[in-house]
Amino acid sequence: MNNFGPSDIQPIKIDSNVRFSSIGGLKEHIRCLREMIIFPLMYPELFKKFNTRPAKGVLFHGPPGTGKTLLARALANECSVVGGRKVSFFMRKGADIMNKYYGESERNLRMLFTQARKMKPSIIFFDEIDALAPARRPSDDHTHSSVVATLLAEMDGLCDRGNVIVIGATNRPDAMDPAVRRAGRFDRELYFPPPEADARRDILAIYTKEWEPSLTNDTLDNIAKVTVGYLGSDIKALCSEAVLKAVRRVYPQIYEADYKLVVNATNVEVTTEDILAAMEEIVPAGNRYVPQAARPLPQHCVPLLQGQIQAAVTLLRRTFPVPAERQKQKTQPKLSTSAPCVFLISGECAETYIAPALLAQLEHCIVKELSIPSLHSAHSYSPEQAVITLFAECRRTGRACVIFVRDLLAIWETLVKKNGAAVLLQLWRMRSVGDNTLLLATCSGSYGELPKELQEVFPVYKDCIYCVREPTLTEVNNFLAPVVTQLPLVPPVVFNVIPPPPLPRDDDMVSIHEDC
Ligand code: ATP
């Protein structure tokens, strides 16, 4: 809660360096924004001739650090560059608009829209718009409903479509008032997924393009492959950390000295090893609170479980498209409506290794988790509400999704107690998520332990169940070989204990302590 003054309704200065080319991946989003926002500004005559109405608003949603703000900034820049017209860009956080005094928040909002209209063409970007337009509930006080109503009225009042565009960004679209998401307000919703391998490669290339020597294509490919679960912001942080690793490796002396030493920047080269070492320091954002659903098989488990993963993928392919085919035909293939789109992995390691490795191969899909913590998270009002919201979100994305049910039996028991089991079954039977969503579940026990209702969802005759088997003798041998037989034969690593040579002091600079 703060004071909102005249300076808050001034457009911000746009950083001219942020262009669409500064964004890795998100090609489809860029194409869509060009069509919806840039073309109406550049070619108003085309839209006038056919009397079509350009977009009023676009909602960006997705996890934090996936480039929503970056894309909005790039858009503002591209509009002014490509359209040849100066576009005013207003950027506000939802919470900045709010004020504790009655009627002030609404006034702030109206002032912002009035200014944007005056300075058109303009883009108003509301970051964290869920704070501004939270779902209204009967129990809420009047304040929030009134702010939401003002936002709706202002958006509805934008008759000059195409000249004032509202972009909202949120990590929690489910927490927003449904009225705001109705067509005619935010005409389009763009989901910002965690980047796939290709997008991660693009982002890495962007942040390392100035490095001398530059990373090879093979290195970029390999790093992109092992950074599953890294978001755009994580990759940026990884690059910064890798540079620090390289500096530490080449000039450890600077860590000991409290004055400036003479160093030569050209001696510092970032290697693949620096990046891999940096990965040990960075915990990807999605992994900080709960382990990420999609995780490639750890290297040491490959001899033990890779065979089973291959077998599970082959089986899964019969019910849902998996990578190899997808990589070739970049578009999202349509599934036959009779495809069951369900897959159950039962047995030991199902939840810890097999399912995460399968999900890592389904990177083109949006993964939504149904787990005990998600049912009880602070964001869901009740377990059945959590299930309804999850299904609705899958449908809204319009992309291939996976609903990943961790420990099916535990979820089922919780839902049965809270009257949510029938909701889950009915939503699934109605295919309310559309035909392009896979229900992937794990179960630590055997298939026979599942109640009849769940066995109907995962029928044996549809070949959609993979039972994790005991490892074979060869698999166990291959798994243990490096530890039992090969490791003792590897010569011990001898660390360089010779201290690095001292570096001359750079007398142009005063000591750090003196400076302070
Ligand atoms: P939040 O929801 O927390 O506001 P966001 O989705 O708006 O997050 P940004 O602020 O756009 O995320 O991204 C954070 C940083 O991560 C950006 O400064 C940018 O450097 C980097 N980044 C994220 N995604 C990309 C991407 N696709 N390409 C290049 N850089 C990216």
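Is E154 buried or exposed? At 11% relative accessibility, E154 counts as buried, where buried means under 20% relative accessible area, exposed over 50%, and partly exposed in between, with a 1.4 Å probe and protein chains only. This is a predicted model, so local features need pLDDT of at least 70 and side-chain atom pairs count only at pLDDT 80 or more, while totals for chains, interfaces and linings use all residues. Residues are numbered from 1 along each chain as its sequence is written, and side-chain values use heavy atoms, with hydrogens and water left out.

**View 1. E154 and its partner R117.** E154 sits in helix 6 (residues 142-156); helices here are DSSP runs of H or I with at least four residues, strands are E runs of at least two, and both are numbered from the N terminus. Its side chain makes a polar contact with the side chain of R117, at 2.6 Å. A polar contact is a pair of N or O atoms within 3.5 Å; within protein, one must be able to donate a hydrogen and the other to accept it, and residues adjacent in sequence count only if both atoms are side-chain atoms. Leaving aside residues up to four places away in sequence, E154 touches R110, F113 and R117, with contact meaning heavy atoms within 4.5 Å.

View 2. A backbone N or O atom of G65 is 2.9 Å from a ligand oxygen, a polar side-chain atom of K68 is 2.8 Å from a ligand oxygen, and an N or O atom in the side chain of Y207 is 2.6 Å from a ligand oxygen. On its own the ligand exposes 630 Å², and the protein buries 81% of that; these areas come from the Shrake-Rupley method with a 1.4 Å probe, and for residues only the protein chains shown count as cover.

View 3. T227 is found between helix 8 (217-226) and helix 9, and at 2% relative accessibility it counts as buried. A polar atom of the T227 side chain lies 2.8 Å from the backbone oxygen of I223. Not counting residues up to four places away in sequence, T227 touches R200, L238 and M279.

**View 4. H29 in helix 1.** H29 belongs to helix 1 (residues 27-42) and, at 9% relative accessibility, counts as buried. H29 and L71 are 42 residues apart in sequence, yet 8.8 Å apart in space, C-alpha to C-alpha. With residues up to four places away in sequence set aside, H29 touches L71, L190, Y191, F192 and P193.

View 5. T319 lies in the loop between helix 12 (302-317) and helix 13 (323-328), and is buried, with a relative accessible area of 2%. Its C-alpha is 7.8 Å from that of F343, 24 residues apart along the chain. Over in helix 17 (residues 408-417), L408, L409, I411, W412, T414 and L415 are buried.
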